[in-house]
Amino acid sequence: MNPECDRIERRLIENGYKVAAIHGSKKQHERNEALANFKSATHPLMIATDVAARGLDIPDVEYVVNLTFPLTIESYIHRIGRTGRGGKKGTAYTFFTPEDKAHSGELINVLKQANMPVPDELYKFGTTVKKKTHSAYGAFFKDTSEAPKATKIVFGDD
């Protein structure tokens, strides 16, 4: 049982909305049914935890609302990536609180890289990005995934 997810789902149903909910405590057949109802638009709202952040192919998602900021910036990108699939436009709203302060620098960078406006209020949380560490190399780890590809250098005329 996910009390927060279930509470939001219940509240929306009480107010007349058709809503589907997916979270890790639901049985697989319940998740499949909720997903089918959402995909067919019989339930145009979905309440979900990170269990829905990756691997679900759901076309035409117009809005994503993050009530909580995810634990990593990568999860944030996957969550908001539910919108705008296949070149379509979508909107993502994210509640960002003082408890999320550690992610402000990363979020600012992601927004800038996407040419999105950065709210002035977000800068108040700071722009520091915590250096990533490696489980084996610690703080000496250097992420080279975005480094330019090596080129072959030839010396002399041999």
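**Aromatic pairs**

I searched the whole structure, which is a predicted model, for aromatic pairs, and the search returned 4 of them. To describe each one I noted two values, since a pair of aromatic rings is described by the distance of the centres and the angle of the planes.

How open to the outside is each of the two? Tyr63 has 52% relative accessibility and therefore counts as exposed, because the word applies over 50%, whereas Tyr93, at 46%, counts as partly exposed.

I turned next to Phe69 and Tyr76, whose rings have centres 5.2 Å apart and planes at 20 degrees, so this pair, too, is stacked. Are these residues buried or exposed? I find that both Phe69 and Tyr76 are buried. I also noted that Phe69 and Tyr76 belong to one aromatic cluster, together with Phe96 and Phe125.

**Second largest pocket**

Tyr76 came up again when I looked at the second largest pocket, where Tyr76, Ile80, Ala92, Leu111 and Met116 are the lining residues that lie nearest the centre. I recorded a volume of about 590 Å³ for this pocket and a lining of 20 residues. Which elements supply the lining? At least two residues each come from helix H3 (73-80), strand S4 (91-94), helix H4 (104-113) and helix H5 (120-123), and the largest share, 4 residues, comes from S4. Sorted by class, I have 15 nonpolar, 4 polar and 1 charged residues in this lining.

**Largest pocket**

For the largest pocket I wrote down a volume of about 1000 Å³ and a lining of 30 residues, with Met46, Ile47, Ala48, Val64 and Val65 nearest the centre. Helix H1 (3-14), helix H2 (28-39), strand S2 (45-48) and strand S3 (63-66) each give at least two residues to this lining. The class count here is 19 nonpolar, 4 polar and 7 charged.

**Strand S1 and its partner**

I then checked strand S1, residues 19-22, and asked which of its residues are buried on each side. Val19 and Ala21 are buried on one side, and Ala20 and Ile22 are buried on the other, which leaves both faces of the strand covered. S1 pairs with S2 in the parallel sense, over 4 bridges, and I found Ile22 standing opposite Ala48 in S2.

**Lys130**

Last, I looked up Lys130, which lies in the segment after H5 and, at 69% relative accessibility, counts as exposed. What separates Lys130 from Gly105? The two residues are 25 apart along the chain, and I have a distance of 8.2 Å between their C-alpha atoms.

Terms used. Residues are numbered from 1 along each chain as its sequence is written. This is a predicted model: local features need pLDDT of at least 70, side-chain atom pairs count only at pLDDT 80 or more; totals for chains, interfaces and linings use all residues. Side-chain values use heavy atoms; hydrogens and water are left out. On a 1 Å grid over the protein atoms alone, a cavity is a set of points where a 1.4 Å probe fits but cannot get out, and a pocket is an open set with protein on both sides within 12 Å along at least five of seven lines; lining residues have an atom within 4 Å of a point. Grid points are joined across faces, edges and corners, and a volume is the space filled by probe spheres set on the points. Ala, Val, Leu, Ile, Met, Phe, Trp, Tyr, Cys and Pro count as nonpolar, Asp, Glu, Lys and Arg as charged, and the others, Gly among them, as polar. Buried means under 20% relative accessible area, exposed over 50%, partly exposed in between (1.4 Å probe, protein chains only). Two strands pair if DSSP finds at least two bridges between them. Rings of Phe, Tyr and Trp (its six-membered ring) pair if their centres lie within 6.5 Å; planes under 30 degrees apart count as stacked, over 60 as edge-to-face and the rest as tilted.
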